[in-house]
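Work through the exercises below with the model open. Each task is followed by a stepwise solution.

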Amino acid sequence: MAKERTEVQDIDRSLYDFRYEEKDSDFYKIKEGLTAEIVEEISDKKNDPQWMRDFRLKALEVYHKTDIPNWGPDISDLNMDNIVTYVKPKTKMSADWEEVPEDIKNTFEKLGIPEAERKSLAGVGAQYDSELVYHNLQEEVAAKGVVYSDIESALHGPYGEMIEKHFMKLVPPTDHKFAALHGAVWSGGSFVYVPKGVNVEIPLQSYFRLNAPGAGQFEHTLIIVDEGAELHFIEGCSAPKYNVANLHAGCVELFVGKNAKLRYSTIENWSKNMYNLNTKRARVEENGIMEWVSGSFGSHISYLYPMTILKGDNARAEFTGVTFAGAGQNLDTGAKMVHIGKDTSSYINTRSISKSGGISTYRSAVVIQNQAKNAKSAVSCQSLMLDDQSRSDTVPAIDVRTNQADVGHEAKIGRISDEAVFYLMSRGIPEEEAKSLIVSGFADSVSKELPLEYAVEMNNLIRLEMVGAIG
Amino acid sequence: MRTEELIINKMPVPTFRWLKMNESKIKIEGAFQSFTPEIEEEATRGEGDFSRVVSGLGEELAGLAKEDGCESTGYRIKKGEAKAPMIMHFLYESKENQHSSFCFYLEEGAKLTLFLHRESEEKAEGSAYLQEKFILEKNAELNLILVSKFGDAFQSYDDLSLQLQESSKVKLSAIHLCGKSAHIGYRADLLGNRSEAEMHLGYFLEKQERADYNLLVNHFGKKSESHIYCDGVLRGEAFKIFRGTIDLKHGAKGACGNEQENVLLMDDNVVNQTIPVILCDEDDVEGNHGATIGRLDEDSVFYMQSRGMDLESTYELMAEARMENVIHSISDKSIQAYIEETIRGKGKEEE
């Protein structure tokens with residue numbers, strides 16, 4: 001008798017797929033494609049300082065010289081000639097939601113951003129297509145010397161030099177083709193500076209909404225957490241679905257100072273026409289702590305592997321991630337840890353779920369350099385297959401160059417265990433409830449790391465409906 | 001003289017290019033020439049169609065040897081034949097591109113124990129390429145033992161590919177004491193339902209020795225099983241890369257693939273690269289991988305020291321134990337004893 005499978009519903013995307021009808025006259029759009037003229041036009045629009053103008057053009061040269069990756073999901077359908085790299089809503093950035101145009105404000109209202117700001121955030125940045133439309137930081141947090149602004153304003157203000165010193169130094173344009181693309185056409189994003197010894201107790205959040213069809217979003221997030229400081233930063237992203245390809249090639253650079261701590265949480269829920277080719281990297285100094293929490297639910301294709309460089313002695317990093325790949329999705333996600341300092345440690349813990357023909361790949365790299373004496377690293381990746389139409393791969397790489405290191409790795413791929421279902425049933429739990437518990441519990445180690453309201457959102461995203469029985 | 005630059009040991013699925021782990025590049029200078037080993041208890045020669053048995057190292061290298069006119073010797077083993085282990089002894093001298101190729105066709109229910117002993121003279125310079133192909137029909141069983149021990153300046157290529165039909169089984173025990181460099185490509189296609197591959201691999205590398213492994217097990221058959229155990233020791237400035245892939249194909253319902261690698265790093269200038277891949281295109285399967293890489297764990301060290309053993313002796317003992325794991329997987333006691341004798345003293349000779 002055939003086994004009837006556990007059914008897991010698709011993620012309910014109605015919240016993210018809605019959009020208001022927009023007129024072209026509400027936006028300034030640069031023409032499609034990628035040329036030096038287009039890059040210069042972006043520089044003009046953004047009034048870039050000369051070093052940034054030069055930087056963009058050099059990055060464009062690198063882009064043209066660099067080939068696309070020969071590994072990972074196929075992105076040959078992504079045609080840059082059809083992508084609009086800059087779309088600016090005809091509004092200025094405001095620190096008051098009332099000054100934000102009605103339809104844009106309503107979009108963020110539906111996504112719950114103003115409400116979250118009132119309830120549980122110390123500051124919010126909201127980006128609509130290529131530019132921020134709202135940015136605000138609580139006065140008491142600003143009074144501690146914390147800077148949280150859009151990156152363009154900071155570039156022209158007193159932190160301009162600091163940005164020049166750090167901008168694309170962790171992720172140089174030569175890193176890969178889409179880092180070069182980002183360097184050429186970046187727009188929007190946030191700059192955060194937390195001064196020495198300051199603990200920002202309530203999280204900051206940036207939310208990126210890509211609303212224009214056929215557009216790209218290239219926001220740059222630069223966070224510097226100075227010595228002994230602490231921050232939790234949350235990033236959210238979504239877009240409505242179109243029939244044409246959209247592209248997200250953002251870049252996140254995080255500098256974690258001596259004895260500092262940064263937690264960076266992401267709920268990524270791009271639409272299923274999105275190519276998400278994002279690059280995130282952190283450098284951690286002595287005794288610093290970097291924590292990544294990542295939920296990848298959306299996009300058509302994702303390449304996402306946040307990298308942590310443990311440069312200082314005794315630096316630590318953790319990556320906790322969940323990936324849910326449904327129909328039409330090919331999500332290639334994971335993490336990279338590079339140990340340089342002595343007594344450094346890293347831990348990667350991921351869960352992947354594949355269903356309805358979705359492809360989920362866990363890909364990682366743990367590198368322990370010769371000078372990283374007494375480094376420790378542990379990796380645990382588990383994948384759950386919910387039907388035989390889907391696919392799940394794990395491709396973890398480990399490179400150890402000293403004997404004074406301890407590295408452990410474990411990976412497991414399978415479906416819901418019949419034994420586990422039987423065990424729970426033997427203790428009086430009905431079969432459907434038992435299976436529901438197992439699937440929920442599978443992602444629990446990740447969801448419990450999220451702030452409460454996001455954990456609830458994630459649980460809503462993975463809404464389960466159990467039917468049938470094991471035959 | 002012909003010089004060919006080739007790519008071998010290519011991963012089925014590549015990953016980040018900056019790691020430089022996706023494949024290996026080699027240079028072959030000059031033509032391959034046939035090398036004939038000494039053979040004891042030779043099985044019956046015979047033919048079979050091996051055209052669909054894909055090389056473990058890569059078809060490019062295999063094709064080059066064929067171009068040079070190197071022939072393969074075929075064996076056909078019937079049920080009830082070949083009761084005593086067949087032993088092939090390869091003692092290489094200083095010569096480049098020595099090549100041997102053998103194809104074994106195990107008919108339904110046939111059993112074969114094959115012991116391949118490859119070595120070179122201690123001061124020998126040169127290279128040797130061994131290619132072995134196996135087809136196991138229904139219920140056939142192959143017990144394959146391989147030991148290689150080469151001189152410091154010797155390079156070797158070890159190419160093994162297997163096709164397993166219904167309920168057939170292969171048990172492989174391989175120990176590599178590598179010499180200058182060893183490229184090892186093993187591939188098993190578990191075509192038949194309930195076919196099984198059990199592989200025990202061990203290596204002990206020292207000085208500037210390099211080992212380049214690429215293992216691939218393709219699960220096509222329902223309830224097929226694979227178990228890969230790899231135990232290794234790295235000393236001096238040794239380098240090792242281990243690529244191990246379990247590919248659970250669509251339709252291989254009930255299949256199970258397990259892989260465990262343990263690497264003991266004994267000196268500070270060793271390099272260990274590991275990339276254990278599980279590819280899964282079927283839900284009713286199980287794929288597991290585990291790896292431990294590094295020095296001895298503190299509990300083991302404390303236990304041994306509390307019994308009066310110093311740290312250096314503890315490491316020596318544990319390094320030997322890694323090889324013992326592989327030796328004990330060999331069921332033939334006489335071969336076990338022979339191998340223990342052959343590899344004894346590795347790591348101590350220069351002290």
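**Exercise 1. Two helices in chain A**

Task: Determine how helix H3 of chain A and helix H9 (residues 177–185) of chain A are arranged, and which residues make their contact.

Solution. Step 1: the axes of H3(A) and H9(A) come within 7 Å and cross at roughly 155°. Axes are lines fitted to C-alpha atoms, for helices over the stretch in contact, and angles run from 0 to 180 degrees between N-to-C directions. Helices (H or I, at least four residues) and strands (E, at least two) are DSSP runs, numbered from the N terminus.

Step 2: that angle makes H3(A) roughly antiparallel to H9(A). Angles under 35 degrees count as roughly parallel, over 145 as roughly antiparallel, 65 to 115 as roughly perpendicular, and the rest as oblique.

Step 3: H3(A) passes H9(A) in a left-handed crossing. A crossing is left-handed if the near helix is turned anticlockwise from the far one by less than a right angle, and right-handed if clockwise.

Step 4: H3(A) contributes Phe55(A), Arg56(A), Ala59(A), Leu60(A), Val62(A) and Tyr63(A), and H9(A) contributes Lys177(A), Ala180(A), Leu181(A), Gly183(A) and Ala184(A). Two residues are in contact if their C-beta atoms, placed from the backbone, lie within 7 Å.

Step 5: by class, this contact of H3(A) with H9(A) has eight nonpolar, one polar and two charged residues. Ala, Val, Leu, Ile, Met, Phe, Trp, Tyr, Cys and Pro count as nonpolar, Asp, Glu, Lys and Arg as charged, and the others, Gly among them, as polar.

A note on the model: it is predicted, local features need pLDDT of at least 70, side-chain atom pairs count only at pLDDT 80 or more, and totals for chains, interfaces and linings use all residues. Residues are numbered from 1 along each chain as its sequence is written, while chains are lettered from A and ligands numbered from 1 in the order in which they are written.

**Exercise 2. The other partner of H3(A)**

Task: Describe the packing of helix H2 (residues 36–46) of chain A on helix H3 (residues 50–65) of chain A.

Solution. Step 1: H2(A) and H3(A) pack at an angle of about 155°, with their axes 10 Å apart. H2(A) is therefore roughly antiparallel to H3(A).

Step 2: the crossing of H2(A) past H3(A) is right-handed.

Step 3: from H2(A), Ala36(A), Val39(A) and Ser43(A) meet Met52(A), Arg53(A), Arg56(A), Leu57(A) and Leu60(A) of H3(A). These residues divide into five nonpolar, one polar and two charged.

**Exercise 3. Two asparagines**

Task: Asn47(A) and Asn287(A) have a positive phi; where does each lie, and is each buried or exposed?

Solution. Step 1: most residues other than glycine have a negative phi. Phi is about 50° at Asn47(A) and about 60° at Asn287(A).

Step 2: Asn47(A) lies in the loop between H2 and H3 of chain A. Asn287(A) lies in the loop between strand S15 (279–284) and strand S16 (289–296) of chain A.

Step 3: a residue is buried if 20 or more other C-beta atoms, placed from the backbone, lie within 10 Å of its own, exposed if 12 or fewer, and partly exposed in between. Asn47(A) has 11 such atoms, so it is exposed. Asn287(A) has 20, so it is buried.

**Exercise 4. A strand pair in chain B**

Task: Assign the two faces of strand S2 (residues 24–29) of chain B and identify its pairing with strand S1 (residues 3–8) of chain B.

Solution. Step 1: in a regular strand the side chains alternate between the two faces of the sheet.

Step 2: the covered face of S2(B) has Ser24(B), Ile26(B) and Ile28(B), and the uncovered face has Lys25(B), Lys27(B) and Glu29(B).

Step 3: S1(B) and S2(B) pair in the antiparallel sense over six bridges. Two strands pair if DSSP finds at least two bridges between them. Opposite Ile28(B) of S2(B) stands Glu4(B).

**Exercise 5. Where the chains meet**

Task: Describe the contact between chain A and chain B.

Solution. Step 1: chain B gives 36 residues to the contact and chain A gives 33 residues.

Step 2: the largest share of the chain B side, ten residues, comes from S19(B). The chain B side divides into 18 nonpolar, ten polar and eight charged residues.

Step 3: strand S24 (residues 391–400) of chain A pairs with S19(B) in the antiparallel sense over six bridges. Gln273(B) in S19(B) is the bridge partner of Asp399(A).
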